[in-house]
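Please keep the sequence and the 3D view at hand while reading.

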Amino acid sequence: MEGITLQEHFATLEDPRVERTKHHQLVAIITIALCAVICGADTWVDVEEFGHAKRAWLETFLDLPNGIPSHDTFGRVFARLDPEQFQACFLSWVQAINAVLPVQQIAIDGKTARRSHERGTGKAAIQMVSAWASASHLVLAQRHVAEHSNEKTALPFLLAQLEMAGCIVSIDAMGCHAKIARQIKEQDGEYVLALKANQGTLYQDVVDLFADALTPQGADLLHDYHLTQDTGHGRVERRQYWTIADPEVIAYLNAKEAWSGLRSVGMVEAERRVGEQVTCERRYYVTSLAGDAQAFGNAVRSHWSIENGLHWVLDLAFEEDRSRMRKDHSQQNFVVLRHMALNLLKQEHTAKCGIKARRLKAGWNEDYLRKVLAA
């Protein structure tokens, strides 16, 4: 269990139970829950059944004088655990893993656990904004979006948790605000922020700039160009990337709203062909990158790994969208457990199969589960 070091990183987590109800150590409850989620558990009943099935193995490294906690105990404890503290412990744990990894891109995006809402009480579905290391495939941190709020209000708190010196931080339109750009630069990062039409004159200014730059008369505005083309499964995807880094243009954009470190703006034109059907989309960005179109293109494409590597996997392999946990902080804290399990499964590379199959394999094979825990 040396790979997890839960005792070290979760030692500061406050136990929400009163003393007379503490029949099981908090670290044992968390460890059993994590192991169970790695092995395929998606509910507290699943977690309890895993504990009973693996009790002899669990007792090789956990003190379980009162046996395996009931599913009600797991549910009560995780419903009452302070989610801010639990996420802070997660952050400490993942930073210990990430400390040995190279500087890389951090993609930030939000996700909703769709069935976590409760119509009877009007409780909204749980929304989390996550930070994802695109190269190492690690969840670095997450932040719950408070009810009656939105993702952009959670962003400054999430960014403050991250060590981003030298990293490129990419965010979709929710993060396209001058104060977010300033915070990233103050934390020694670079940014690539997507623009959307609802962002007023800045979006239209950038659209007009590229419309002019792609005419023969405006070609001198263009700084750089890059093209990629991918084929497979009957489709052809062609992406063109342009950047404008003209100092006068940047000064013009900054005259309306000061963008800390703004060095260029970028446009992506994505064309997709499937048989005779052709679709085309243009997207626009502001960035602190110097204007290298290939570097800009790499950042844009890497950003979408959070969809494929995190959100899609959580829904397909962990069935997050089907989870109906609603009690107090249960869903928030279970999201963190999923993120921990996913990080460990992603870091184990001997099994040449998908995450869902790795979960099953960990449940069947204790030696493999130990490898996952030590990843």
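## Buried glutamines and charged pairs

The side chains of Gln142 and His339 are joined by a polar contact of 2.8 Å. A polar contact here is a pair of N or O atoms within 3.5 Å; within protein, one must be able to donate a hydrogen and the other to accept it, and residues adjacent in sequence count only if both atoms are side-chain atoms. The model is predicted, so local features need pLDDT of at least 70 and side-chain atom pairs count only at pLDDT 80 or more, while totals for chains, interfaces and linings use all residues. Residues are numbered from 1 along each chain as its sequence is written, and side-chain values use heavy atoms, with hydrogens and water left out.

Gln142 is part of strand β3. Helices (H or I, at least four residues) and strands (E, at least two) are DSSP runs, numbered from the N terminus. Gln142 counts as buried because its relative accessibility is 1%. Buried means under 20% relative accessible area, exposed over 50%, and partly exposed in between (1.4 Å probe, protein chains only). Neighbours within four places in sequence aside, Gln142 has contacts that include Gln87, Phe90, Met128, Leu158 and Val336. Contact means heavy atoms within 4.5 Å.

Is Gln332 buried or exposed? Gln332 counts as buried, because its relative accessibility is 8%. Its side chain makes a polar contact of 3.5 Å with the side chain of His144. Not counting residues up to four places away in sequence, Gln332 touches Pro83, Gln87, Ile126, Met128 and His144. Between Gln332 and Asp212 there are 120 residues of separation in sequence and 47 Å in space, C-alpha to C-alpha.

Charged pairs come next. Side chains of opposite charge can pair when their charged atoms come close. A salt bridge is a side-chain nitrogen of Lys or Arg within 4 Å of a carboxyl oxygen of Asp or Glu. By this rule the model has 20 salt bridges. The table lists some of them.

| Glu366 | Lys54 | 3.3 Å |

The salt bridge between Glu366 and Lys54 ties together parts that are 312 residues apart in sequence, because Glu366 lies in helix α15 (residues 366-373) and Lys54 in the loop between α3 (44-53) and α4 (55-58). Glu366 is partly exposed, at 32% relative accessible area, whereas Lys54 is buried, at 11%.

Glu84 is partly exposed, at 43% relative accessible area, and Arg143 is buried, at 17%.

Elsewhere, salt bridges that share partners join Asp230, Arg235, Glu237, Arg239, Arg272 and Arg301 into one network.
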